[in-house]
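I opened this notebook to record what I looked up in one structure. The entries follow the order in which I took the topics.

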Amino acid sequence: MAGDVLVRFGVAVPEGLLRDFDRQIERKGVPNRSEAIRQLIRDSISDTRWTEGKGTVYGSVTISYNHHTREACSTLTDIQHDFGDVIICTSHVHADHDHCVEVIMVKGQASRVKALIEELSGVRAINNLSPVIASIL
């Protein structure tokens, strides 16, 4: 998509909605409406690819868990080894005496990353699981 020819098109929206949009993009520091709309379009396409499980995605899966839960560490390690094709790296933090936080960086087919998240969701020790996934467009 980089290097594509820019195409101009018109959009009609209610005045109040446009005013709110302009305030929002100004607060965020987006340089102009065109860039803001391009970002919205990219986000929408990326979300659709993720939802449909299609295409290559990148991102992180942050989990927190009680490492004292029976077999928690070995179960998580086994899952991560099973998904070595999509896991780029992990970062592990000892949050307190009982809990750990891991950030698992991923890259691969959306369907495979979804399968990893489903496997992790089934681990009893996990207190929280937060994926942040996007496509590069």
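**Entry 1**

I began with Arg 42, which is partly exposed at a relative accessible area of 32%. The model is a predicted one, where local features need pLDDT of at least 70 and side-chain atom pairs count only at pLDDT 80 or more, while totals for chains, interfaces and linings use all residues. Residues are numbered from 1 along each chain as its sequence is written, and side-chain values use heavy atoms, with hydrogens and water left out.

I looked up the partner of Arg 42 and found a salt bridge to Glu 35, at 2.9 Å from N to O. The term stands for a side-chain nitrogen of Lys or Arg within 4 Å of a carboxyl oxygen of Asp or Glu. Glu 35 counts as buried, with 19% relative accessibility.

**Entry 1: the other salt bridges**

How many salt bridges does the structure hold? I noted eight. In general, side chains of opposite charge can pair when their charged atoms come close.

Asp 85 is bridged to Arg 112, with the closest N and O atoms 2.9 Å apart. Asp 85 sits in the loop between helix H3 (72-82) and strand S2 (87-94), and Arg 112 in helix H4 (residues 110-121), so this pair ties together parts 27 residues apart in sequence. Helices (H or I, at least four residues) and strands (E, at least two) are DSSP runs numbered from the N terminus. I have Asp 85 as exposed at 51% relative accessible area and Arg 112 as partly exposed at 29%. I also noted a network, in which salt bridges that share partners join Glu 35, Arg 38 and Arg 42.

Arg 33 forms a salt bridge with Asp 22, where the closest N and O atoms are 2.6 Å apart. This pair links distant parts of the chain, with Arg 33 in helix H2 (residues 33-52) and Asp 22 in helix H1 (residues 15-28), 11 residues apart. Both ends are partly exposed: Arg 33 has a relative accessible area of 40% and Asp 22 one of 24%.

I checked the length of H1 next. Its 14 residues should span 20 Å at 1.5 Å a residue, and the end C-alpha atoms are 20 Å apart, which agrees. The expected span is 1.5 Å times one less than the number of residues. Gly 29 follows H1 and has a positive phi, near 80°.

At what angle do the axes of H1 and H2 cross? I have roughly 90°, with the axes coming within 10 Å. Axes are lines fitted to C-alpha atoms, for helices over the stretch in contact, and angles run from 0 to 180 degrees between N-to-C directions. H1 and H2 are therefore roughly perpendicular, a class that covers 65 to 115 degrees. The contact (heavy atoms within 4.5 Å) involves Leu 18, Phe 21, Asp 22 and Ile 25 of H1, and Arg 33, Ala 36, Ile 37 and Leu 40 of H2.

For H4 I listed Ala 110, Val 113, Leu 116, Ile 117 and Leu 120 as the buried residues. Down the axis of H4 they fall within an arc of 120°, so they line one face of the helix. The arc is taken over the directions from the helix axis to the C-beta atoms. These residues pack against H2, strand S1 (56-66), H3, S2, strand S3 (99-109) and strand S4 (126-134).

In H3 the buried residues are Ala 72, Leu 76, Ile 79 and Gln 80. Their arc around the axis is only 100°, which puts them on the same side of H3. The cover over them includes S1, S2, S3, H4 and S4. The exposed residues His 81 and Asp 82 are on the face of H3 turned away from the buried side.

**Entry 2: two single residues**

Lys 114 is in helix H4 and is partly exposed at 25% relative accessibility. Leaving aside neighbours within four places in sequence, I found Lys 114 in contact with Trp 50, Thr 51 and Gly 53.

Is Ser 60 buried or exposed? Ser 60, in strand S1, counts as buried at 15% relative accessibility. With neighbours within four places in sequence left aside, its contacts include Val 103, Met 105, Pro 131 and Ile 133.

Key
Buried < 20%, exposed > 50% of the residue type's maximum accessible area, 1.4 Å probe, protein only. Parallel < 35°, antiparallel > 145°, perpendicular 65-115°, else oblique.
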